[in-house]
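We will go from stop to stop.

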Amino acid sequence: MPEYRKVFLFIAALAFAALGACSPFRPADRNLAEMDLPKSYSLYTENATAPDRWWESFGSDNLNALVKEALGENFDVRKAWARLKQANAAAVQAGADKYPTLSGNGDYSYKKQGSDDAGSSQTITETEKHTLGLTAGYEFDVWGRIEAKAKSGELNAFASREDLNAAAMTVAGEVANRWIEIQTQRRKKEILQKQLETNRTYLELLELRFRNSLATALDVFQQREQVARVKAQIPPIEARERTLLNELALLLGKPAGTLEIPTEELPGLPERPGAGIPSELLAKRPDIRAAGMRLTSSDWSVAEARANRLPSFTISGDAAYTGAQLATLFNGWALGLAASITGPIFDGGNRAAEVDKARAVVNERLEDYKSTVYTAFKEVEDAMINEKWQIEYIKAREDQLEAARNNFDEAGSRYLQALVDYLPVLSALLSVQELELSLAGDRSDLLLYRVALYRALGGSWTADLKDPYSADDNSNSQEDQE
């Protein structure tokens with residue numbers, strides 16, 4: 001090749017590389033912090049933040065161990081890790097075109113041919129050829145298409161990591177919920193067993209009074225019904241406890257029926273966490289971060305689609321050694337260099353439609369991002385409201401229980417004095433026992449609202465999650481090396 005052609009190709013390559021650095025379709029930066037959120041929450045205004053590993057605030061070593069186990073063994077979390085690996089691999093593939101390609105090739109051919117000479121013996125010709133070479137290629141990213149594709153893939157991988165974080169936060173909350181509900185069912189069972197014992201004692205007293213003509217048969221029948229009513233409430237509690245244990249086992253990645261946990265007293269409500277300001281949710285909630293990354297990724301997909309409508313410039317080269325025998329392989333060589341330009345002339349509107357499609361995806365993901373932000377804000381507000389009014393509700397129910405007990409004491413006293421029949425006593429007893437059982441559920445609901453608030457506020461503790469597949473990957477790598 002003449003020297004001036006080599007110089008021309010070199011200058012052209014530099015020009016294309018310079019053009020590629022321009023990236024004319026690079027999307028404008030989005031300010032995702034510009035959301036029409038209130039300056040503060042309607043209830044809590046403290047600037048302090050919630051504890052990072054919030055479940056530890058309940059003071060249960062068993063709960064802490066369950067959450068730790070679930071974060072490593074839960075199926076949804078492990079699937080999220082697998083999806084993250086897929087996304088990371090896809091990001092590598094998306095950015096592979098930024099680098100030149102280089103491939104090796106080898107070829108061997110053998111040909112044996114015979115011919116008859118006139119009036120003489122046959123002549124046999126053998127031909128053998130060996131080839132060993134390299135082929136390289138590179139596309140100049142003149143319009144930024146390759147960069148846009150790589151950026152989009154990278155952001156999708158980051159979003160996949162945030163999906164993993166969101167899954168982990170969900171699992172931690174679900175484990176805490178199941179643990180609280182299991183302990184609540186056990187507390188309700190204790191209350192019912194005590195109530196059953198109390199009602200049987202009253203039944204024995206009424207039967208004794210009946211034998212002494214101090215009570216009627218109706219009094220005895222009414223109390224027997226009360227005993228049966230309390231006894232009938234225990235089996236559903238037992239069933240609910242078992243199903244909750246099965247749900248918790250599944251969260252831990254275990255078969256149903258294999259999990260047992262110790263009985264513990266429900267903790268008191270931990271100190272109220274500070275919610276900070278609503279805009280902090282944009283950084284603390286992984287689902288919001290994932291939605292923002294996917295929105296930005298779709299912006300880069302638009303840039304890729306626009307750049308794909310323009311011509312592409314590639315350069316390729318190959319070098320090869322040839323020889324009739326292996327010993328003479330490196331005696332002959334060949335070197336080739338080629339440049340090409342490829343661009344659409346008529347494609348039936350395919351590439352233009354791809355741009356329109358990519359822009360529609362941007363619009364969809366923008367609305368998805370806004371919806372995610374407002375949903376997160378609503379979840380925090382709802383949890384705050386539920387907790388605040390649940391506290392008021394429990395106080396009112398406790399006052400109601402105290403009044404019901406006073407009513408029961410007075411009714412019992414008047415009954416023993418033969419001033420009233422047994423029905424007011426039975427009615428007061430029923431009210432007391434229903435309130436005792438109801439309050440156990442009310443206190444449980446208060447803790448569940450606190451868990452919902454912790455989940456809604458997000459956090460950064462997911463940065464410490466360990467990849468459960470890392471050990472398998474290391475062992476596979478060692479096996480591949482061997």
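Select Ser23, Phe25, Arg26, Trp143, Gly144, Ala148, Trp300, Ala303 and Ala307: these residues line the largest cavity. A cavity is a set of points, on a 1 Å grid over the protein atoms alone, where a 1.4 Å probe fits but cannot get out; lining residues have an atom within 4 Å of a point. The volume of the largest cavity is about 30 Å³. Volume here is the space filled by probe spheres set on the points, with grid points joined across faces, edges and corners. The count is 1 cavity of 30 Å³ or more.

Now colour the lining by type. It divides into 6 nonpolar, 2 polar and 1 charged residues. Ala, Val, Leu, Ile, Met, Phe, Trp, Tyr, Cys and Pro count as nonpolar, Asp, Glu, Lys and Arg as charged, and the others, Gly among them, as polar. Helix H8 (residues 286-307) gives the largest share of the lining, 3 residues. Helices are DSSP runs (H or I, at least four residues), numbered from the N terminus.

A note on what you are viewing. This is a predicted model, where local features need pLDDT of at least 70, side-chain atom pairs count only at pLDDT 80 or more, and totals for chains, interfaces and linings use all residues. Residues are numbered from 1 along each chain as its sequence is written, and side-chain values use heavy atoms, with hydrogens and water left out.

Stay in helix H8 and pick Ala291. Ala291 is buried, because its relative accessible area is 7% (buried is under 20%, exposed over 50%, partly exposed in between, with a 1.4 Å probe and protein chains only).

Next, the rings. How many aromatic pairs does the structure hold? There are 8 aromatic pairs. Rings of Phe, Tyr and Trp (its six-membered ring) pair if their centres lie within 6.5 Å; planes under 30 degrees apart are stacked, over 60 edge-to-face, and the rest tilted. Select Trp55 and Trp461, an edge-to-face pair at 4.9 Å centre to centre with 85° between the planes. Trp55 is in the loop between H1 and H2, Trp461 in the loop between H10 and H11, 406 residues apart. Both are buried.

Jump to Tyr202 and Phe408. They too form an edge-to-face pair, 5.8 Å centre to centre and 90° between the planes. Tyr202 lies in helix H4 and Phe408 in helix H9, 206 residues apart. Tyr202 is partly exposed, because its relative accessibility is 27%. Phe408 is buried at 13%.

Which residue has its charged end over the ring of Tyr469? Arg78 does, 5.1 Å from the ring centre. The rule: NZ of Lys or CZ of Arg within 6 Å of the ring centre and within 35 degrees of the ring normal.

Go to Glu387 in helix H9. Glu387 is buried, because its relative accessible area is 1%. Its side chain makes a polar contact with the side chain of Arg450, at 2.7 Å. Such a contact is a pair of N or O atoms within 3.5 Å; within protein, one must be able to donate a hydrogen and the other to accept it, and residues adjacent in sequence count only if both atoms are side-chain atoms.

Finish at Ala418, in the loop between H9 and H10. Its phi is near 65°, a positive value in a residue other than glycine. Ala418 is exposed, because its relative accessibility is 67%.

How values were computed
Helices (H or I, at least four residues) and strands (E, at least two) are DSSP runs, numbered from the N terminus. On a 1 Å grid over the protein atoms alone, a cavity is a set of points where a 1.4 Å probe fits but cannot get out, and a pocket is an open set with protein on both sides within 12 Å along at least five of seven lines; lining residues have an atom within 4 Å of a point.
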